[in-house]
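Have the model open as you read.

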Amino acid sequence: MKTLIKNGNLFLGGHLAQMDLLIQDQKIQSIGYDLCSEEACDQVIEAEGLLVTPGLIDVHVHYREPGQTDKETVKTGSRAAARGGYTTVCTMANTTPVPNTVPLLEAMIKRNKEEGCIKIHQYAPITEDLKSDRLIDGQAMKAAGAFALSNDGFGVQSAGTMYEAMLEAKKADLPICVHLEDRSLFKEGVINEGKIAEELGLPGIHRLAEVAQLARDLEMVRETGVRYHVCHVSTKASLDLIRKAKVEGLAVTCEAAPHHLLLNEENITEDDAYYKMNPPLRSVEDQEALIQGLMDGTVDMIATDHAPHTKEEKSQGFRKSPFGIIGIETAFALLYTHLVKEGRLTLTHLLSLMTTAPSQTFDLGEVGRLEPGKAADITLFDLETSQKILPEEYLSKAQNSPFNRESVYGMAVMTIVDGQVVYNKLSK
């Protein structure tokens, strides 16, 4: 089957160019002009006025299946990703049960493939049940299909356990992706420690809960040489440590979440758990440091930490509601609207952070670039039309986002995976 995308504004290796793109046999066949007559093509997609990019890549999502399917499933989560312009995601291991064994992991990978409409890579845990000190067999998990190790949602509390985990990850040649949370400093906090926490009478989370574990871990990265990735970095102090580690040449990368880039604690004006996430929204200074980190290369990529919960769960206020918000359906549009249109970041840099960088960092194969011979994973965005984020239009099961009802530019209008259209707003 031949599909021709005509007259699009293509993101090609760091620059934009108006060209055509021909898809054949699940691959990008060619890019240029006069590639194929319309009569010789099975499908022609007119993309004039639209941005055409590699499918977006999100290395941090939660699909809740098995065990928490009232929140999300692989099917609904992948459809939500496609609506957001994502063609590849990486899903965390904090399910019920946790995939502690090869059969459990293999069952998740099988489900991801059968139920997902996009490409889904699966994390294995660092330790059994995410909170124990019993290490997972990294080599066995890699052989079963895991692409990385993470206890996301829980920090590894024991330095000894983390050191042994790094040795195991190094032996298996797997990256270790960390949620930084020292429980002795985190305590029972639900919001960033500071003025807003005091005003609302809520227990705070000290920034050192993140920074202290990072400082500990970086010493062990230096010793072990493991590939070490920081999930949802949120503080200026953490960025300073990561920046120094990169200068030293350590194999350290990090991601920032859209909510930490676009919001800070001062956006919280009442006890509304749609603003409750972990790490919490930090100070204005931390938010600005994250944006600077994007610009100077300290932050390697943007990942949503898409964390769906039910309306009932998130209606209980900061003290009782679970941490986390959704974001995969709106991430690009929000970032384009607030960072690119406001002149804080170029469009090509934003696209690199959401396509090329995660693919290269995690060796995800032939995704993340528009090139002949690469997988035909492609997204079309409308940068000119304003659209309101309406909770009732989400394809996710969840609606827990502080950005609901905000107007944005840059929503996806078509998403293609291996040459097949999996989301299409153009025809509606």
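This is a predicted model: local features need pLDDT of at least 70, side-chain atom pairs count only at pLDDT 80 or more; totals for chains, interfaces and linings use all residues.

Residues are numbered from 1 along each chain as its sequence is written, and side-chain values use heavy atoms, with hydrogens and water left out.

Eight of its 11 residues are buried, so S1 is largely enclosed by the rest of the structure. Buried means under 20% relative accessible area, with a 1.4 Å probe and protein chains only.

S1 pairs with S2, S4 and S5, as the table shows. Two strands count as paired if DSSP finds at least two bridges between them.

| Partner of S1 | Sense | Bridges | Example pair |
|---|---|---|---|
| S2 (residues 15–24) | antiparallel | nine bridges | Leu12 with His15 |
| S4 (residues 43–46) | parallel | four bridges | Lys6 with Glu46 |
| S5 (residues 51–54) | parallel | two bridges | Leu10 with Val52 |

S1 and S2 form a hairpin with two residues between the strands, and Gly13 there takes a positive phi near 55°.

Now zoom out. The chain splits into domain 1 (2–52 + 375–424) and domain 2 (55–368), with bounds from an automatic or database domain assignment. Domain 1 puts 39 residues into the contact and domain 2 puts in 51 residues, where contact means heavy atoms within 4.5 Å. Their C-alpha centres lie 26 Å apart.

About 3,600 Å² is buried between the two domains, and carbon and sulfur atoms give 64% of that area. Buried area is the accessible area (1.4 Å probe) that two parts lose on being put together, summed over both.

Which charged pairs turn up across this interface? The rule finds four salt bridges there, each a side-chain nitrogen of Lys or Arg within 4 Å of a carboxyl oxygen of Asp or Glu. Elsewhere in the salt-bridge list, Arg83 pairs with Glu393, the closest N and O atoms being 3.6 Å apart. On the side of domain 1 that touches domain 2, the elements giving two or more residues are S2, S16 (378–388), S17 (407–417) and S18 (420–424). S17 gives the most to that side, with nine residues.

Notes: Buried means under 20% relative accessible area, exposed over 50%, partly exposed in between (1.4 Å probe, protein chains only).
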